[in-house]
Amino acid sequence: MQERPQTLARATEGDANSFATLLEPLLDPAYRLAAVMLDDRSAAEDAVQEASIKAWRKLRQLRGEVGSLRSWFLSIVANECRMARRQRWWSVVRLPDIRTAAEAGAMSDEPATDLKAALLRLSPDERLPLVLHFYLDLPLEEVARTLGVTTAAAKSRIYRAAKKLKSDLTLEEVF
Amino acid sequence: MGNEDFRRELNNAIDNISGSPSHGLRDRVRSRLIETPSRGGPFWIAGVAAVTIAVLIVGILFVINPNRNNAIIGGVGQVSPSPSASPSATTSPSPSPSASPAASPTPAFTCANTAPITTQQPANPIAYVSALRTGAHAGYDRVTIEFSNGEPASIEVRPQAGTKFALGESGQTVTMAGKNGILVVIRGADAHTSYSGPRDLKTNYPRLVETRITEDFEGVVQLGLGINGPACYRFSVLTNPTRLVIDVQAP
């Protein structure tokens, strides 16, 4: 962890390998965020790849703040997903993903399937705070930075989206 | 259902939607980053210089190419993003000179490869097609053909007028969606050992409307691409994993 500021400094000077090293631990969460926003695994990988390149090109905007890297990168991934949707490739006829037997087993878990369907009925921008808060377990401040809103607004967005999945959820149950 | 139950079930649902990223994602991102110069530095200037030099070299090679007159039968490869140039009725591609790059979002689309392009590798073992993907991006639609077991012996990309493609050696033809087509001939490959996915991808992208495996026999894989507009494309072969990427310029 001590080496991260130095790695970021090297990346800012143009060392792509250092930047790739910094991004590596973020690729999995970024992929999951994109997969939920787009509901398309292959498109999610493309979005993460494109977002990585955009982040690389915009790296100077980070101003060497390694602590902000995760929320900064995830916000770029979320934007990339929004852009991908605007490009209308959302409207294509998507073919079902081939799922492994283990995943197929998980799918038979009825409550999860119900929740999955409910989650996919939300807009991608409603799914985003849920993934950040519940799945990636980001602190509220980081969720807020990723969404580009205040902490209070982030809290409100998480709660509103969660309530749409489970109407009797109380504020205390969410936070 | 308490908070923990809700969280667990939500996380299960998210796992269910996302699965895990492919093993190659990390390497793909790394290799793309290494290929991409960061903006604002000397790399960017070097990149622009390299592209300029490449365009000049391609232009010179085109001008001195002694075979170019034999190949010109009709205009097919629509190098201009302008919709006015309609393709003539011919199946032979035109080696028209490369067009000016279109003004499109990052990465900039340089419509350089409108003539047939062939790449050849030393005799490799059969490369297995392992994935076939399509996607729409800002300024271009993309087809990605991923290989396992190395790179195929040769790849040929041929734009054509119309979307009528031969179905292997059967003598049958198929007319795909779109107005123009691109035929991709991959030698030293098969699309049935490692690939069991769909063989005809119909999409509703701005330009790329259909991608279909039209031949997969005796080490030759052919794909037809149906393009709803000019068959202006660029292509590259990337590694980690080995994959052929064809981008069709989109408005």
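Guide: Start with one term: two residues are in contact if their C-beta atoms, placed from the backbone, lie within 7 Å. Keep in mind that this is a predicted model.

Now take V48(A). Set aside its neighbours within four places in sequence. V48(A) is then in contact with L27(A), A30(A), Y31(A), A34(A) and V77(A) in chain A. It also touches L25(B) and V29(B) in chain B.

V48(A) sits in the largest nonpolar core, which has 56 residues. V48(A) is among those with the most contacts inside this core, along with A30(A), A34(A), A47(A) and V77(A). Helix 2 of chain A, residues 16-38, gives the largest share of this core, 15 residues. A second core stands separate, with 35 residues. Among them are A127(B), A189(B), Y195(B) and Y233(B).

Next, helix 9 of chain A. It runs over residues 151-165 and has 15 residues. From first C-alpha to last it reaches 21 Å, close to the 21 Å expected at 1.5 Å a residue. Its buried residues are A154(A), R157(A), I158(A), A161(A), A162(A) and L165(A). Seen down the helix axis, these fall within an arc of 125 degrees, so they line one face of helix 9. On the other side, A152(A) and R160(A) are exposed.

Last, chain B as a whole. It holds 4 helices and 13 strands. Of its 251 residues, 40% count as buried. Take the contacts in chain B with a separation of 6 or more: residues 24 or more positions apart account for 64% of them.

Note on methods. Residues numbered from 1 in each chain as written. Chains lettered and ligands numbered in written order. Predicted model: local features only at pLDDT ≥ 70, side-chain atom pairs only at ≥ 80, totals over all residues. Core = buried A, V, L, I, M, F, W, Y, C linked by C-beta atoms within 7 Å. Buried ≥ 20, exposed ≤ 12 C-beta atoms within 10 Å, placed from the backbone. Helix = DSSP H or I, 4+ residues; strand = E, 2+ residues; numbered from the N terminus. Expected span 1.5 Å × (residues − 1). Arc of directions from axis to C-beta.
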